Amino acid sequence: MKKIYAYTKMIMAMMAVMLAFTSCDEDAALAYDLEGVWQGSIVGEYYSYRGYATDDEYDTEIMFEQNGSWMNGGSGYEIDYNHHTRRYTKAYFTWSVKRGRIHMHYDDGTHVVIRDFETYWLHNRMRFRGYFDDAATGRPLASFNLIKVVSPDDYYETYYSRQAKDFNEEE
């Protein structure tokens with residue numbers, strides 16, 4: 001009986017170690033897939049939470065850049081265009097992937113978590129959709145649906161996408 005208990009305990013420990021390494025590998029793979037420039041839409045109370053306009057729809061561009069090789073995070077920017085107010089908003093953030101969730105810490109102190117997301121291929125383009133939540137309260141803020149328009153291989157040729165260049169010319 002003692003041998004069965006010892007074997008069971010050893011198998012449970014090995015499974016825990018395997019799950020820990022699998023989670024890290026999945027986080028690193030997700031971080032690798034995220035790197036690049038994504039464009040699409042955000043719908044919901046995303047900016048009312050940050051003190052801007054109320055419940056609305058935004059055209060958005062989000063750039064995830066890894067800091068160093070084989071890391072599961074980095075820095076980036078987000079540009080949002082509100083059709084109702086016809087205004088652009090640009091914010092910078094750092095990001096990381098932890099236990100299958102994406103954490104974004106903005107320069108203005110905002111911390112959101114991306115949950116229930118998926119990345120998938122459709123018509124030779126990578127897609128990314130999911131939900132933004134308030135990291136402190138877990139309150140849902142918005143949904144998003146994005147298409148990858150620039151991959152890391154394209155950075156040296158076109159570091160910023162067309163929308164980012166247009167925004168930088170306006171500043």
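Author: Gladly! Keep in mind that this is a predicted model. Let's begin with a charge and a ring: the charged end of K90 sits over the ring of Y77, and its distance from the ring centre is 5.2 Å.

Reader: How many aromatic pairs does a search of the whole structure find?

Author: Two rings pair if their centres lie within 6.5 Å. Searching the whole structure on that basis, the number of aromatic pairs found is 9.

Reader: What kind of pair do the rings of F64 and W95 make?

Author: A pair of aromatic rings is described by the distance of the centres and the angle of the planes. For F64 and W95 the centres are 5.3 Å apart. Planes over 60 degrees apart count as edge-to-face. The planes here are at 80°, so the pair is edge-to-face.

Reader: How many residues apart in sequence are the parts that F64 and W95 tie together?

Author: F64 belongs to strand β2 (residues 56-66), while W95 belongs to strand β4 (residues 87-98). The pair therefore ties together parts whose separation in sequence is 31 residues.

Reader: Is F64 buried or exposed?

Author: Buried means under 20% relative accessible area. F64 has 0% relative accessibility, so the word for F64 is buried.

Reader: Which strand holds F128, the residue that pairs with F64?

Author: F64 and F128 form an edge-to-face pair, with 6.5 Å from centre to centre and 70° between the planes. This pair links distant parts of the chain, 64 residues apart. F64 is in strand β2, and F128 is in strand β7 (residues 125-134).

Notes: Residues numbered from 1 in each chain as written. Predicted model: local features only at pLDDT ≥ 70, side-chain atom pairs only at ≥ 80, totals over all residues. Heavy atoms only, no water. Phe/Tyr/Trp six-rings, centres within 6.5 Å; stacked < 30°, edge-to-face > 60°. Helix = DSSP H or I, 4+ residues; strand = E, 2+ residues; numbered from the N terminus. Buried < 20%, exposed > 50% of the residue type's maximum accessible area, 1.4 Å probe, protein only. Lys NZ or Arg CZ within 6 Å of the ring centre and 35° of its normal.
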